[in-house]
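Here is a short tour for anyone who likes to see how the parts of a fold are held together. Please have the viewer open as you read.

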Amino acid sequence: MKFINDLNLRKQAENLGVKIWQTPGFLFIILGLVAAIIMAATYFISKNYDSPQVLVISESIVATVILAVGSSIINLFEQVARINKMKSEFVSVASHQLRTPISAIKWSAELLLEKYNKGLSKKQISDVKNIFDLVCKMNRLVSDLLDVTRIDQNRMIFRKKKFDFKKIVKETINESSILAEKRNIEVNASFKKEMSLGFGDPDKIKLVVENLLSNAIKYTPSGGKVDIRLFEKDHFFVFEIKDTGVGIPEEQLKRVFEKFFRSDNAARYQTKGTGLGLYIAKNIIEQSGGKIWFNSIEDIGSVFSFSLPCHNGKMAEIMKA
Ligand code: ADP
């Protein structure tokens, strides 16, 4: 099926934003044609000419054609890599530039709500709260974009140390309680009393837990349930979050950790979202020595899980070195 799709050159050109003759499918066909012509020509020449000069000349022509096609493919890859780098740099510069004004608006809205709210009417307070909420969302988006460019350029810095994983999970659940209440979602969590310490960058792990929990709440209809489990297995922590939400359509399951992926049903159900959270989460977990995985059935629910080395585990020792 993918092979047939690859041969739909016009669709491929539209998807990649290039001319038809620049698509990988077109180059694939040209390479195939060149190989067939070369085979036919070699057969014809070896059958009809005994002379070594003719063979040398024909072999030189074949080598030149292969070099020409190869060089145009390399040029194309170089162009794609250059454009990709320029795009990452643009996103990085734009996000950095947006950070200062966003922080200033956030700070002013906070000040208005906390210090100068006495002079404001109810309507004005509600408007400032609205500005504050929107600016927090912009802040989140800008941070996500910066994280994505750091991941793409291999520049994400991890400050690894031992940390209390249970505390992070509890904190995140408390911080999300307002959202859960607003959406009428019951959040339950179970932990063992005594748990080892984790090893990794606590701020980044918290980001992952926040993302998985906010997704579970966001994509679960009112009245639904979210269950969180944290347990230890073979010197690893396993964090598991199960919801009774909208799930992910079967044909889209393999794209879940792709950058900017949003499933059709979720985009219809929840218009807000960027499709960056799980891409960032996967990178953070894998760079911390863990694994992330999920199961999901449309209209039934999803279970997202990740593992992370315990502080005293073998993996943590390797990551520390
Ligand atoms: P966002 O939530 O901002 O769209 P994410 O990267 O966090 O981005 O998630 C990517 C997509 O994966 C979501 O848009 C949604 O389609 C799907 N998804 C993630 N978590 C869940 C979940 N718990 N239930 C259903 N779909 C989910």
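Predicted model: local features only at pLDDT ≥ 70, side-chain atom pairs only at ≥ 80, totals over all residues.

What follows looks at the domains, then at the salt bridges, and ends with a hairpin.

Contact between them involves 11 residues of domain 1 and 11 residues of domain 2. The size of an interface is often given as the accessible area lost when the parts come together. Here the two domains bury about 950 Å² between them, with 67% of that on carbon and sulfur atoms. On the side of domain 1, V148, I151 and M156 lose the most area to domain 2, and together they make up 46% of what that side buries.

Charged groups take part as well: two salt bridges cross the interface of domain 1 and domain 2. Two residue pairs are in polar contact between the domains. Helix α5 (residues 122-152) supplies nine residues, the largest share of the side of domain 1 that touches domain 2.

**Salt bridges**

The whole structure holds 12 salt bridges. Some of them are listed here.

| Pair | N to O distance |
|---|---|
| D152 and K259 | 2.7 Å |
| R140 and E210 | 3.9 Å |
| E175 and K206 | 2.8 Å |
| E210 and K206 | 3.2 Å |

Which residues are linked in a network of salt bridges? They are R140, D144, E175, K206 and E210. Within this group, the salt bridge between R140 and E210 links distant parts of the chain, as R140 is in helix α5 and E210 in helix α8 (residues 202-218), 70 residues apart. R140 is partly exposed at 38% relative accessibility, and E210 is also partly exposed, at 25%.

The side chains of E175 and K206 meet in a salt bridge too. E175 lies in helix α6 (residues 165-175) and K206 in helix α8, so this pair ties together parts that are 31 residues apart in sequence. E175 is partly exposed, with a relative accessible area of 47%, whereas K206 is buried at 14%. Because E210 and K206 are four residues apart in helix α8, about one helical turn separates them.

Strand β6 (residues 291-297) and strand β7 (residues 301-309) run antiparallel and are joined by seven bridges. Three residues lie between the strands of this hairpin, and D299 in the turn has a positive phi of about 70°. I297 has G301 of β7 as its bridge partner. The covered face of β6 carries I292, F294 and S296, while K291, W293, N295 and I297 are on the uncovered one.

Notes
Residues numbered from 1 in each chain as written. Heavy atoms only, no water. Buried < 20%, exposed > 50% of the residue type's maximum accessible area, 1.4 Å probe, protein only. Helix = DSSP H or I, 4+ residues; strand = E, 2+ residues; numbered from the N terminus. Pairing = 2+ DSSP bridges. Contact = heavy atoms within 4.5 Å. Buried area = accessible area lost by both parts, 1.4 Å probe. Salt bridge = Lys/Arg side-chain N within 4 Å of Asp/Glu carboxyl O. Polar contact = N/O pair within 3.5 Å; in protein donor to acceptor, adjacent residues only side chain to side chain.
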